[in-house]
Amino acid sequence: MDVDQDIESSAPKPKKNKQRVLLLSSRGITHRMRHLMTDIEALLPHVKKDSKLDSKSQLHLLPELADLNNCNNTLYFEARRHEDLYLWATKTPNGPSIKMHVQNVHTMDELKMTGNCLKGSRGLLSFDKAFEDTEWGKLTKELFTHIFGVPSTARRAKPFIDHILTFSILDSKIWFRNFQIMEKDPLQPNGPPQTTLVEIGPRFVLTPIRIFEGAFGGATVYSNPEFISPAAIRSSIRQEQSKKYNIRKDAEQETSRRKEHRKRDEDELAVSKVFT
């Protein structure tokens with residue numbers, strides 16, 4: 001009996017998934033960003049939502065805030081001018097951190113899909129094979145697994161799995177989709193079981209910008225050479241518009257110069273000279 005107890009005590013215990021995620025944003029976010037955060041909170045029952053962060057330059061306070069909320073992961077939405085939205089996915093307190101640009105946001109209310117899932121249910125994670133081709137893809141997959149993988153021991157989690165969160169890489173961008181797992185065909189409810197997927201939402205696209213070694217900073221592990229900031233794009237558009245304006249003004253000056261050059265001298269029998 002003692003030998004059996006010694007064997008049981010020496011056997012490795014299964015590691016428990018104790019991931020908790022702090023979800024918050026900066027000030028200045030739009031209504032669409034707020035709805036996106038609400039959708040993510042509904043999908044992830046192990047998320048703890050906090051109030052907005054006042055200063056965008058004091059990101060070093062976020063690891064301490066996550067520690068106060070007993071969270072070891074952080075999703076931070078950072079709003080910029082012209083409705084630019086950035087997402088920080090961080091493993092607190094020591095990192096790593098991924099800063100991404102959020103585009104093509106469509107919330108559940110906007111999509112109005114026919115699919116539906118139980119609130120608080122756990123979801124399966126599906127990653128594209130392209131995540132294994134690059135080092136930054138492997139690191140992103142590991143970090144997303146910790147953040148979006150709902151532990152079975154979460155306080156608000158239900159013992160059901162009825163949807164799939166998919167992450168796909170296309171054009172160096174990460175595409176996020178959410179699908180409901182349906183066991184029966186809605187057109188034939190009494191027919192044989194047939195597993196199908198129906199999109200629920202939300203959907204968005206993430207463009208990785210930089211991967212930092214620490215939490216919200218530190219040495220740069222990866223930098224996306226193909227990323228062009230929205231501010232740089234707007235600046236190039238303004239420069240192109242200014243070039244068109246300068247070309248138009250130069251053409252107007254050239255036209256007026258040609259008119260002056262073609263103007264004939266005043267004749268001696270002109271009305272202004274005869275009746276002076």
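**Aromatic cluster and nonpolar cores**

In the predicted model, one aromatic cluster is formed by Phe127, Phe131, Phe144, Phe148, Phe167, Phe176 and Phe204. Within helix H5 (residues 135-148), Phe144 and Phe148 lie 4 residues apart and are therefore separated by about one helical turn. Their ring centres are 5.5 Å apart and their planes stand at 80°, above the 60 degrees required, so the pair is edge-to-face. Phe144 is buried, with a relative accessible area of 1%, and Phe148 is likewise buried, at 6%.

Phe144 also belongs to the largest nonpolar core, which comprises 41 residues and in which Leu75, Phe144 and Phe167 have the most contacts. Beyond residues up to four places away in sequence, Phe144 touches Ala89, Met100, Leu125, Phe127, Gly149, Phe167, Ile174 and Leu206. A second, separate core contains 12 residues, among them Leu59, Cys71, Tyr76 and Phe216.

In total, 12 aromatic pairs were counted. In one of these, the rings of Trp88 and Phe212 have centres 5.6 Å apart and planes at 20°, so the pair is stacked. This pair connects distant parts of the chain, as Trp88 lies in strand E4 (residues 85-91) and Phe212 in strand E10 (residues 203-214), 124 residues apart. Both Trp88 and Phe212 are buried. A further ring, that of Tyr86, has the charged end of Lys99 over it, 5.1 Å from the ring centre.

Met33, Leu36, Met37, Asp39, Ile40 and Leu43 of H2 are buried. These residues cover an arc of only 160° around the axis and therefore fall on the same side of H2.

Definitions and conventions
Residues numbered from 1 in each chain as written. Predicted model: local features only at pLDDT ≥ 70, side-chain atom pairs only at ≥ 80, totals over all residues. Heavy atoms only, no water. Buried < 20%, exposed > 50% of the residue type's maximum accessible area, 1.4 Å probe, protein only. Helix = DSSP H or I, 4+ residues; strand = E, 2+ residues; numbered from the N terminus. Arc of directions from axis to C-beta. Core = buried A, V, L, I, M, F, W, Y, C linked by side-chain atoms within 4.5 Å. Contact = heavy atoms within 4.5 Å. Phe/Tyr/Trp six-rings, centres within 6.5 Å; stacked < 30°, edge-to-face > 60°. Lys NZ or Arg CZ within 6 Å of the ring centre and 35° of its normal.
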